[in-house]
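Please open the structure in your viewer and keep the sequence beside it.

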Amino acid sequence: MKKIFIAAFAAAMMLAACSRDNAAPPAPFGPVPTAQQMDWQKMEYYMFIHFGPNTFTNVEWGDGKEDPDVFYPTDFDADQWAQTAMAAGMTGIILTAKHHDGFCLWPSAYSTHTVRESKWRNGEGDVVREVADACRRHGLKFGVYLSPWDQNHPTYGTPEYNEVFAATLREVLTNYGDIFEMWFDGANGEGPNGRLQEYDWDLFHSTVRECQPDAVIFSDVGPDVRWIGNERGFAGTTNWSRLNIGGFEPGLGAPPVDTLNRGNIHGAHWIPGEVDVSIRPGWFYSPQTDARVKSLAQLFDIWHTSVGRNATLLLNVPPDRRGRIHENDSVRLMELRALVDETFSRDLAAGAVLKADNTRGRHFAAANMLSADYDAYWATGDGVHRASFEVTLPEPRTFNRLQLQEYIPLGQRVMSWDAEYYDAVTGEWLSLSEATTIGYKRIVAFDDVTTDRLRVNITASLAPPVLNGFALFRAPDMR
């Protein structure tokens, strides 16, 4: 009888182990990113280019009455822009092809306020073409900004203008190859008849979808990527990639800025945040700001408050009146690249052993968080919303950055977490950091800590946590 019991117990244990080994992946939770949104999120860091008549008139917003001849870069070099972006570690360029003044950086058939009317390149130039081609030569993705506000076009302020703008969109989106992001803002001024333009956003969005189905659309309310609510370079310390957009629209009808900065915990739509900020005080080049390029410390802080807070970083670098990125800007970009590489190129968690107090099954082990495979992740069992994993390093190591990543193809889940480290002198676990959301990537900074043991505790989660990245880094002392 005893032998029969032992055999039955062993069979039950084998069945349980087999069940754990064959555990199904967690079900998606809430809204999840599209394939296009995932590709965009992984880009992390790319360049914004503001260039046009404002570059030469020393204003931020032109009035549409500029003489086209004012646009005359003396040494225009789109390859220099692309080479600078590549050397800076960026993944793409978004060009302001038309700003609020209505001046088109390509010879548009729907405007008489374009490069065609200028003396630059004898009226045969096309900035959009040259930048798009340069991006592809240098392995960068290309995106465009077209302002719906047009202070020059005679139909602005009438229903006819919406068709004109849609045709303008179609012109750009079909003639310059693949576009990774279509960037809209909601700026809106009075038309020639004294009325505000009533933008047909459904028409504009459908035009983008028709012409560039793989592009993500940016605005205050997406539908794919949202403005982060400020132009100072930071996402919220809590940042959900979810947003409620019912009843809202770009511009004055947008959600409150704190909502844009933080997202909505129970938002109905997956609309992650993009941080847009300029390397200079203004968006367009001005010789008066040559000595006012952001410091390396400022840019490194912005890196942490954007890429390190579940957002992407769109850094504006305005070309000068030659049509080249200024030396001061370029030098600072290279310094930032060197600092980012120095900090994040060596993962101090390499060789660590990770053990979790709850694991869904063998294929979802905590060790997956150290894998280079993005689709390998740690997951807990159904119904488990609080869990911890302990990290044992091969030897004591000194670090001051901790990075976590959620596997967002299954949704964003974690509401709060903390980290502790083991102090060998006192024999105690001491607090390292506390934070809220994780999302695609979360980086927390703290003073240098030396230890060989850490513990990360998921203290609240909307659904079983699913994490695919854990790393430790050490940034140099910049004091």
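Two strands are said to pair if DSSP finds at least two bridges between them. With that term in hand, select the strands of this predicted model. In the order β1-β2-β3-β4-β5-β6-β9-β10, 8 strands close into a barrel, and their pairing is parallel. Neighbouring strands of this sheet are turned against each other by 25° on average, direction ignored.

**First stop: strand β5**

Select residues 216-219, which form strand β5. In a regular strand the side chains alternate between the two faces of the sheet.

On one side, β4 and β5 pair in the parallel sense over 3 bridges. Within this pairing, methionine 182 has isoleucine 217 of β5 as its bridge partner.

Strand β6, residues 225-227, runs parallel to β5 and is joined to it by 2 bridges. Here serine 219 stands opposite arginine 226 of β6. Arginine 226 also stands opposite glycine 273 in β9. The strand β9 covers residues 273-278, and its parallel pairing with β6 rests on 2 bridges.

**Second stop: the loop between β5 and β6**

Select proline 223, which lies in the loop between β5 and β6. The peptide bond that leads from glycine 222 to proline 223 is cis, with omega near 20°. Most residues other than glycine have a negative phi, and most peptide bonds are trans.

Select residues 159-175, helix α6. Its 17 residues should span 24 Å at 1.5 Å a residue, and the end C-alpha atoms are 26 Å apart, which agrees. Which residues of α6 are buried? Among them are Tyr161, Val164, Phe165, Leu169, Val172 and Leu173. The elements that cover the buried residues of α6 include β2 (92-98), β3 (141-146), β4 (181-183) and α7 (201-211). Just after the helix, glycine 177 takes a positive phi of about 80°.

Select arginine 121 and then asparagine 122. Arginine 121 is found in the loop between β2 and α5 (127-137), and asparagine 122 has its place in the loop between β2 and α5 as well. Arginine 121 has a positive phi of about 55° although it is not a glycine. Asparagine 122, also a residue other than glycine, has a positive phi near 55°. Arginine 121 counts as partly exposed because its relative accessibility is 38%, a value between the limits of 20% and 50%. Asparagine 122 is exposed because its relative accessible area is 72%, which is over 50%.

Finally, select cysteine 104 and cysteine 211. How many disulfides are there? The count comes to 0. The sulfur of cysteine 211 is the nearest cysteine sulfur to cysteine 104, at 16 Å, whereas a disulfide needs sulfur atoms within 2.5 Å. Cysteine 104 is buried, with a relative accessible area of 2%. Cysteine 211, at 16% relative accessibility, counts as buried, because the limit is under 20%.

How values were computed
Residues are numbered from 1 along each chain as its sequence is written. This is a predicted model: local features need pLDDT of at least 70, side-chain atom pairs count only at pLDDT 80 or more; totals for chains, interfaces and linings use all residues. Side-chain values use heavy atoms; hydrogens and water are left out. Helices (H or I, at least four residues) and strands (E, at least two) are DSSP runs, numbered from the N terminus. The expected span of a helix is 1.5 Å times one less than its number of residues. Buried means under 20% relative accessible area, exposed over 50%, partly exposed in between (1.4 Å probe, protein chains only). Contact means heavy atoms within 4.5 Å. Axes are lines fitted to C-alpha atoms, for helices over the stretch in contact, and angles run from 0 to 180 degrees between N-to-C directions.
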